[in-house]
Amino acid sequence: MKLRLVILLTLLIFFIVNINGQDLKSPGVISGNIQTIGQYYQEDSIINAALPEHLYGFNGFANINYQKGDFRAGIRYESYLNTLEGYPTSFSGTGIGYRYLSWKSDNVGITIGNFYDQFGSGMIFRAYEERQLGIDNSLDGIRLTFQPVNGLFLKGMVGKQRHVFMDGLVNGNGIIRAFDSELNLNELLDSSNSWKFKATIGGSFVSKFNTDNNTSFFDLPKNVGASSIRLNLRYNKIRFSGEYVHKINDPYPDNQDSRFNYIYKNGEGVLLNLGYSTKGFAVDFSAKHMDNMLWRSTNVNVGPTDLLIGYLPALTKQHTYNLAATLYPYATNFYGEIAYQLDVLYKIPKKSFLGGKYGTSIALNFATAHVPERNFIEDMESTRTSYTSSVFSRSDSILFQDFNVEIKRKINKKLNISLNYFNFIFNDDAVKVANYYKMIYAQIAVMDLTYKINRHHSLRFETQAMWTNEDKGDWLFGQIEYTFSPHWYIAILDQYNSGNEDLKKRVHYGLISAGYINGSHRFSFQYGKQRAGVFCVGGVCRAVPASNGLTFSFTSSF
Amino acid sequence: MKKLLFLFYFSLFNFVIYSQLPNINLKDVNGNNKNLSKLSNNGNPIIISFWATWCKPCKAELNTIAEEYDDWVDETGVKLIAISIDDARSSSRVEPYINVQGWDYMVLLDPNGDCKRAMNVNNVPHTFLINGSGKIVWDHNNYSIGDEDELYEELVKISK
């Protein structure tokens, strides 16, 4: 408490000195951005689009930042009037959801209020914002950063996590204390800056204090700590990175599987990456072992993306073609998984027989995730560790597999072509995203053509087809897009569930979309049907219900 | 702690260079730390383009500019900084991609969106043109074929 007082006093003095002492001629800069999305819903019983009683949905965000020299301050005003369908319903009303003051010099920085941060890959700690998914677990508290010598970075912070929004920011009850250090060897030893060998090491400690408890049967630890070490090495064109996280026992309720209900097992995470890349060729391999790494600042049941302290990256490629991205996308399994991924990129040189006049790019990606090998021990009446497991020991039970190839080629000055093939194995019994609860085997092919008519006008055609005997069967997708640089675009697209066993559900999901862009201002609308699907950003997914209606959106920055 | 406070008081009196670029440390793909507000191009213009490995229009924009980049540099002295907003899931894809494509840009990583937030970027691609004194003179949020011509015209205007 005493420390906090000293810091607050310091800040106060600083503001006075800063405002009086600095560059008086410059009044500072105000900048900001705004994003609004409005939807008008129509009922559509064929695609299961429900009509909410408020008919309209609206989400709005406006950030205002002020900067003067090394001082920054800002707020974000948020409105959910009413929250868009599919967005977390725990976001409602209108008010301020984020505010901060910060000051940063060459080697010291202070932030008070809300802030975002990440240690290493984020497995141990990541406070971040993914507005499209309704994720915002910013920390509300105080952060200090300090760089005592060149190459050494220290960070310490304490705060509460943003949980929901009800006419303003609502924090969770838990308190997070986090410390991170990172040493860049080459920057520390100035003379080694030109070395081909580069090394960075880092370490973190994060602890939470939480008294939320919905059970009278178990004694839950009120303080839970996690620690991690990480290493980045590079020699010439080869790089390696590794990270290890260990979390002490942290029991959570689990209504679906009693073997994971309030277990007192430690959590563990390992992330490895090895890569080689040069002009025209790259190969990259990643491996991940993750077990019992669910890590929230509360130990009661909350929404799946609420109050998460750590971020568990999925080792799969994030796809952008509609059918590949939204039907069977993968997110990390919270219980644990062993995952591997291999990428090979090759650019066939230009003016070669195979490469053509402009060269051809090929990208191969292969990813798998399996359930860890778990030996369940009958200790639920005593120690409740539930099972034993060992690092990188995986079972036969597959969670996900994805093999995909992309070939891109510029045919001539006007025509670009991209061909893609995807092969998925998706265990919906474990992943429970498609509500099919069995294995799904699917293949997708995509052809994407871009044709430049002249300097300002261009056309894009996209066709996709998916083949599967499971779930909702085959799908077809087509899109035509016309753009008039730099201001206009219009697109018409259709998805057709051609292979649904239920003939009534062989529905066309037609959509028309148009937009106007002027500098940093962008206005767009779309009208039509959207199928229920899974919307993912950065390996975190949210199920979006089917809808039919009109959507307006506007984004701008100033 | 005392030392820290001392340093803090001391640094209050440091001189501040005015720039519209935020005082944020970002890593390049080699792991070197770069402070955005301290990057200069000897009074020549800078283009900052926010992109991601999963963003098709972003890659189209930067690949298109890459074909003409040498000419742009010769004519205007411009330097392009491509800031990737890929997070921990995909940030390991950045280096292989840029090496295979052979981009000559400075590529920085913004895995938790700090720089994106500070520069008021809502979505990618978002491209800024910054003049020799660090002021943002033009920006564009989107990419469609032909937009690179508008950027080039603006670039030529400020480098005269």
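**Figure 1. Charges and surface of chain A.** Welcome to chain A, which carries 55 positive and 48 negative side chains, with the centres of the two sets 10 Å apart. Here Lys and Arg count as positive and Asp and Glu as negative, while His and the chain ends are not counted; each charge is placed at NZ of Lys, CZ of Arg, CG of Asp or CD of Glu. This is a predicted model, in which local features need pLDDT of at least 70 and side-chain atom pairs count only at pLDDT 80 or more, whereas totals for chains, interfaces and linings use all residues. Residues are numbered from 1 along each chain as its sequence is written, chains are lettered from A in the order in which they are written, and side-chain values use heavy atoms, leaving out hydrogens and water. Chain A exposes about 25200 Å² (Shrake-Rupley method, 1.4 Å probe), and carbon and sulfur atoms supply 60% of that area.

**Figure 2. The largest nonpolar core.** Let us step inside: this core has 54 residues, and those with the most contacts inside it are A:Phe125, A:Val206, A:Tyr328, A:Ile444 and A:Met466. A nonpolar core is a set of buried Ala, Val, Leu, Ile, Met, Phe, Trp, Tyr and Cys residues joined through side-chain atoms within 4.5 Å; buried means under 20% relative accessible area (1.4 Å probe, protein chains only). Strand S24 of chain A, residues 439–452, gives the core its largest share, 4 residues (strands are DSSP E runs of at least two residues, and helices are H or I runs of at least four, numbered from the N terminus). Beyond four places in sequence, A:Val206 touches residues including A:Phe119, A:Phe125, A:Ile176, A:Trp295 and A:Ile309, where contact means heavy atoms within 4.5 Å.

**Figure 3. A second core and helix H3 of chain B.** A separate core of 44 residues includes B:Ile47, B:Ile48, B:Ile81 and B:Trp138. Helix H3 of chain B (residues 94–101) has 7 of its 8 residues buried, so the rest of the structure largely encloses it. Among those buried are B:Glu95, B:Tyr97 and B:Gln101. After this helix comes B:Gly102, with a positive phi near 75 degrees.

**Figure 4. A:Ala325 and its surroundings.** Apart from neighbours within four places in sequence, its contacts are A:His319, A:Thr320 and A:Val534. A:Ile112 lies 213 residues from A:Ala325 in sequence and 38 Å away in space, C-alpha to C-alpha.

Methods: Buried < 20%, exposed > 50% of the residue type's maximum accessible area, 1.4 Å probe, protein only.
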